[in-house]
Amino acid sequence: MSEPAPDVLVIGAGIIGAACAWRLAAEGARVTVLESDIAGGGATAAGMGHIVVMDDSEAEFALTRRSRQLWNDLAGELPADCEYRRTGTIWVAADEEEAAIVARKHAWYAERGVMTEILDARALAWAEPNLWAGLAGGLLVPDDAVLYAPCAARWLLERAGAELRCGACVERVESGAVALRGGERLSCGAIVCANGCAAAQLFPDVAVRPRKGQLAITDRYPGFVNHQLVELGYLKSAHGTASESVAFNAQPRPTGQVLLGSSRQFGVDTPEIEWPLMTRMIERAFEYMPALRGLSVIRTWTGFRAATPDGLPLIGQYAAMPGVILATGHEGLGITTALATAELVAGTITGSAAAICGEPYSPSRFAAAHSYA
Amino acid sequence: MPETFEVVVNGDVVRVEPGTSAAAAILMAGHGACRKSVGGEPRAPLCGMGVCFECRAEVDGVRHVRTCQALCRAGMRIITDGI
Amino acid sequence: MGSERGRKIVVVGAGPAGIAAACAAAEAGCAVVLMDDNPTAGGQIWRGGGGREAAQWTARLEASGARCWYGACVVSAAGGTVVAERDGEPMRIEYHELILATGARELFLPFPGWTLPGITGLGGLQALARGGVPVRGKRVVLCGSGPLLLAVAAHLREHGARVEAMAEQADFGRLVRFAARLVRWPGKLAQGLGLQWALRSVPFLTGAWPVAAEGRGELESVLLRTVQGTRRIACDWLGCAFGLIPNAELAAFLGCRIEAGVVAVDEWQRTSVAHVFCAGEPTGIGGLERSLTEGQIAGWAAAGQETKARALFGRRADLHRFSAELAEAFELRQELKELASADTIVCRCEDVRRRELAGYGGWRGAKLQTRCGMGPCQGRICGPACSFLFGWDTLSGRVRPPVFPASMGTVAAAGERQRREARV
């Protein structure tokens, strides 16, 4: 083989790996992407594809806001099968206590230049007629969007012009080289580890563990729901460490199908549907949208988010091995933060300026010994 | 002569015998198609046994009913929709 | 093992295999529930009646004490409970033994124009006609492959249809050899000859298949490839299907071992999953008698009546030999892989064309990127077509509920019992 080693090896062809490959290629790097299964076939295929700005911490906000902006800027170039739609999000307030939270969120976002709109009960009902009429209101975030991530991942890889090797399982990573199952050894410049939960198999001290989720999708009911609807309790579910939780989360697909989530579970690594949790998730949804009951469900599926102890991703140098960059642990925000993650990763490798500070996501923040209970 | 009854297809009254499927009633009302595909093509029953979902129409207010499996009842309202 | 009275047996599918299984188990004293998606019993072959033999079995079913639930569509099954949807409402039925008699469906291969209204399956056209679709005086062309071709043609003619032509893709030579081997099954030979006599005035083309259906907004004519060149026939209905494939989805969902699309069973019709039996077409396409025989074996085996079950082993072996003859005679030719052009729709639910499916190594990748198989038919129509066209395995990945589309309320109810039990 007389071909020079690639500048960058990306492990994982999900949305994170694809975005990194795309960004690095745009900055002139030669990239090879190694994928053990099929591109976009892991958590990327299982998630809701929701591009959403989050306010639970400044660090989360910075990453999601920057990445949402990058997605919105890219939207015009995305092909039709990526199904990008600026549906907006409505954070739904069930009662007066939650309505007060909505008011605080509105102010918080306003201070930081993010446009949101408070909806009272009537405005909410007008925006979403199928929501239960007894809700208190909500917060509309009009610049949030939805996307069909597997196609977006494929497109990013195509644009990167990266060499994509599917069925290539990385067994071991060293500085400047990886070993594949079957014995092949590939040398390279930098290595980006973007393989979600599997990062913990390559680096046992990396603090990611799987958090199982379940979803259901219906047949086509155009106009049934117009915005991505999320209950405020979603934040508690996502950022809590309870072993099991559900939160109402419904998305209108451009096809007219309704995509329903969300559930979270630690400690399970099998892909079967967990019936009790599925029931809990659906019944929670009925409390917000009783009319869901009669919709025809075509498919259910599961997926595994890569979760970290503090809910922020791991983006940056892996201290134990120079030249290895981690890009994992995105939990439920992989699609949203893919482009800003790629920007940070590229900045670390090529030295290009990043729009946000990467410090809060540094893998070194867990350098001290840790363990999961 | 078995007792016939009326069903309504897209607003038109059709008289049918017991044991008639909603799909048959749609055809008897003069509509060649039950639905439109995602690409806008007219579609009609294919498998006749409830697995292809091409014969879907709205029956008595419920969408996505497989009309080849739905037996007509007196007063049934069938709407062939664009979905 | 003696008879297990009161043992709860659930039979899924009320075609001949299911009816036979339910009769056998109920007569042996078991508490039997027979369920079917259709409004009445009979499955496909006995849909809307079915003649003397069907009437005898139906009477026997009524006398057997089995409880019958129709319009009940199975959504999920596990650990001794079946969850189904009936009239939009969930129902749960418990079982000690589960007998899957889910039958078969037709194999549709895409060709240009196949999505036009007026094009159906073979059994599909017969089923639609039995449901009241008017065929009297209509011009019908039937094509594809298999014994259904003649059977459907004869039935439609009896009901006044003008069957213009029948086109069987198998070569004349193969059919002659098949007919010669039918002497081992004189009843079937007589049946076949009877059909051929009844259809003697209808052109029967062998080595022939449709290359395109034509029409604006609906079927107007079909272009057939024949040994002597292409022939265009104007018609109102085109019944076209290329044989039968097992409805093995529920078995796959339960984790039963599936080999080449067929549910693997032992001599007692037991699948690889404890307390789950399978009988009839899902264990191998073989027609009415095989279904009745296997159904009875499964019913008796589930009821602990091994001696009675064993008595039918010889008959079943003979019918398996017939199945093998059928498979060989009507094997699908390679030319059929080229019927679909680049623009031909392969996935009808999502309008995915053949050219969009090029280049994928497998079903899952194609599904994720093109939406093929993501519609309400859950890949039942396009999956087998893709298997034939591209060699993909399209069954083993499909193991998540609902086995059939069901309302959100029913899907929620499927998990309820487990939850209540967990709280206790």
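Figure 1. Helices (H or I, at least four residues) and strands (E, at least two) are DSSP runs, numbered from the N terminus. The count of salt bridges between chain B and chain C is three. Here, a salt bridge is a side-chain nitrogen of Lys or Arg within 4 Å of a carboxyl oxygen of Asp or Glu. Look for the one between Asp351(C) and Arg43(B), at 2.8 Å from N to O.

A note before the next views: this is a predicted model, in which local features need pLDDT of at least 70 and side-chain atom pairs count only at pLDDT 80 or more, while totals for chains, interfaces and linings use all residues. Residues are numbered from 1 along each chain as its sequence is written, chains are lettered from A and ligands numbered from 1 in the order in which they are written, and side-chain values use heavy atoms, with hydrogens and water left out.

Figure 2. Leu46(B), Met49(B) and Val51(B) supply 25% of the area that chain B buries against chain C, more than any other three residues. Buried area is the accessible area (1.4 Å probe) that two parts lose on being put together, summed over both.

**Figure 3. Where chain A meets chain C.** This contact takes 39 residues from chain A and 26 residues from chain C. About 2700 Å² is buried between chain A and chain C, 57% of it from carbon and sulfur atoms. On the chain A side, Trp275(A), Val297(A) and Ile298(A) lose the most area to chain C, together 24% of what that side buries. The interface also holds two salt bridges; Arg364(C) forms a salt bridge with Asp37(A), and their closest N and O atoms are 3.2 Å apart.

**Figure 4. Two domains within chain A.** Domain 1 covers 8-48 + 149-206 + 310-366, and domain 2 covers 86-144 + 209-307; such bounds come from an automatic or database domain assignment. Taken over C-alpha atoms, the centres of the two domains of chain A are 28 Å apart. Eleven residues of domain 1 are in contact with 20 residues of domain 2. Together these domains bury about 1100 Å², with 62% of it on carbon and sulfur atoms. Met48(A), Cys197(A) and Glu331(A) supply 64% of the area that domain 1 buries against domain 2, more than any other three residues. Glu331(A) also forms a salt bridge with Arg264(A), their closest N and O atoms being 2.7 Å apart.

Figure 5. A nonpolar core is a set of buried Ala, Val, Leu, Ile, Met, Phe, Trp, Tyr and Cys residues joined through side-chain atoms within 4.5 Å. Buried means under 20% relative accessible area, exposed over 50%, and partly exposed in between (1.4 Å probe, protein chains only). Of the 90 residues in the largest core, Val7(B), Ile78(B), Leu142(C), Leu156(C) and Leu238(C) touch the most other members. Helix α4 (residues 148-158) of chain C gives this core its largest share, six residues. Apart from this core lies another, of 55 residues, among them Trp71(A) and Trp155(A). Buried residues of α4(C) include Leu149(C), Val152(C) and Leu156(C). Just after α4(C), Gly160(C) takes a positive phi of about 90°.

Technical notes: Contact = heavy atoms within 4.5 Å.
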